[in-house]
Amino acid sequence: MIDLRSDTVTRPTRDMLTAMTSARTGDDVYGEDPTVRALEEQVAGLLGHEAGLFTVTGSLANMLAVRSLVPAGSELLCEAQAHVVRAELGAHAAVSGVTTRTWPHPRGLVDLDALAGMLAPDAGPYLVSTAAVAVEDTHNFGGGSVQPLDRLEGLRRLVTGTGVALHLDGARLWNAHVASGVALAERARGFATVSVSLSKGLGAPVGSVLVSSADLIATAREWRKRLGGGWRQAGVLAAAGAYALEHHVERLADDHANARLIADTLGLDAGVVETNIVVADVPDATAVVATARAEGVLVGSVGPRTVRAVTHLDVSTDDCRKAADVLARAVDPARGA
Ligand SMILES: *Cc1c(COP(=O)(O)O)cnc(C)c1O
């Protein structure tokens with residue numbers, strides 16, 4: 001099977017496993033795991049922040065960030081297909097009492113005009129007040145789109161002096177960095193909190209890192225423990241992340257090239273595939289997924305007429321060429337129907 005359902009399906013490589021088994025460890029709840037601490041410091045440094053917190057998932061990193069920025073009963077603004085509002089099972093409401101309002105954008109991008117009309121930092125005693133805006137870079141359901149830097153700059157200007165904070169869901173910020181050539185810290189500039197995944201394109205088995213100020217991270221560390229996310233000799237997992245940071249960032253360019261190859265075979269418009277995610281409109285997503293599966297290619301449907309293929313470390317250019325042909329055949333008869 002050529003598995004393009006997600007970049008989360010990668011298995012740790014032999015060298016990554018070696019790094020894991022030789023990691024120095026300690027009890028991380030006591031703050032004594034040297035490998036975890038080194039990873040947290042390294043990622044904070046890369047993103048231009050003071051401190052980091054290693055978490056089991058990106059969802060937990062986002063939950064800790066959002067609850068730190070948004071008091072219960074206040075709102076978070078985000079794009080309508082954002083992971084925080086579509087794919088975290090309502091955690092921010094269910095656990096933290098946060099409400100959300102969304103703006104729609106076909107590629108998940110920041111919409112400054114919409115935001116200018118929505119921001120309500122001091123809505124008074126009858127309406128919900130805005131505490132934060134979340135941005136996703138790259139945007140998953142937006143097709144791996146990279147947020148344009150001028151919109152991020154516009155967003156920073158829009159919230160300056162309003163008291164509204166910015167959260168960056170950077171599960172695939174590595175892809176945005178490699179695709180744009182813009183430094184991670186520059187892409188993360190002005191965001192109070194940033195979450196990044198190690199278990200997506202970077203290929204680690206587990207883990208995300210939340211970065212922010214030292215104070216905010218200290219509070220987030222308490223909440224991580226309160227929510228049951230404290231862990232002990234987590235250095236074995238952090239070692240996989242550190243290995244991935246050293247060996248698996250620049251190679252994301254290969255995943256991007258493979259995704260473009262699939263997009264070209266499917267005849268998608270040039271430029272719609274910016275990173276490792278191919279989102280294609282088809283007449284019947286369930287049928288395309290089933291036909292492709294019967295021919296050894298796994299893709300996902302993210303809507304009744306939308307299929308998604310994600311390239312990653314465990315699929316070669318040859319795999320992607322084969323998968324593209326299978327997908328093109330699966331889509332074509334459906335198109336004719
Ligand atoms: C995958 C992902 C996350 C975090 O997912 P987990 O499965 O909880 O690690 C967060 N945001 C985006 C955009 C994602 O794609």
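Select Arg172 together with the ligand: in this predicted model, a polar side-chain atom of Arg172 lies 2.9 Å from an oxygen atom of the ligand.

Next, display the whole shell. The ligand is surrounded by Thr57, Gly58, Ser59, Asn62, His83, Glu88, Glu136, Asn140, Asp169, Ala171, Arg172 and Lys200. Colouring these residues by class gives 6 polar, 5 charged and 1 nonpolar. Then highlight helix 3, which spans residues 58-69. Helix 3 gives the most to the shell around the ligand, namely 3 residues.

Now move to His139. This residue is found in the loop that runs between strand 5 (130-136) and helix 7 (149-159). Is His139 buried or exposed? Its relative accessible area is 1%, and because buried means under 20%, His139 is buried.

With His139 still selected, show the side chain of Glu79: a polar contact of 3.0 Å joins the two side chains. Leaving aside residues up to four places away in sequence, His139 touches Glu79, Gln81, Ala82, Arg107, Gly108, Gly144, Ser145 and Gln147.

Notes. Residues numbered from 1 in each chain as written. Predicted model: local features only at pLDDT ≥ 70, side-chain atom pairs only at ≥ 80, totals over all residues. Heavy atoms only, no water. Near = heavy atom within 4 Å. Polar contact = N/O pair within 3.5 Å; in protein donor to acceptor, adjacent residues only side chain to side chain. Helix = DSSP H or I, 4+ residues; strand = E, 2+ residues; numbered from the N terminus. Nonpolar A, V, L, I, M, F, W, Y, C, P; charged D, E, K, R; others polar. Buried < 20%, exposed > 50% of the residue type's maximum accessible area, 1.4 Å probe, protein only. Contact = heavy atoms within 4.5 Å.
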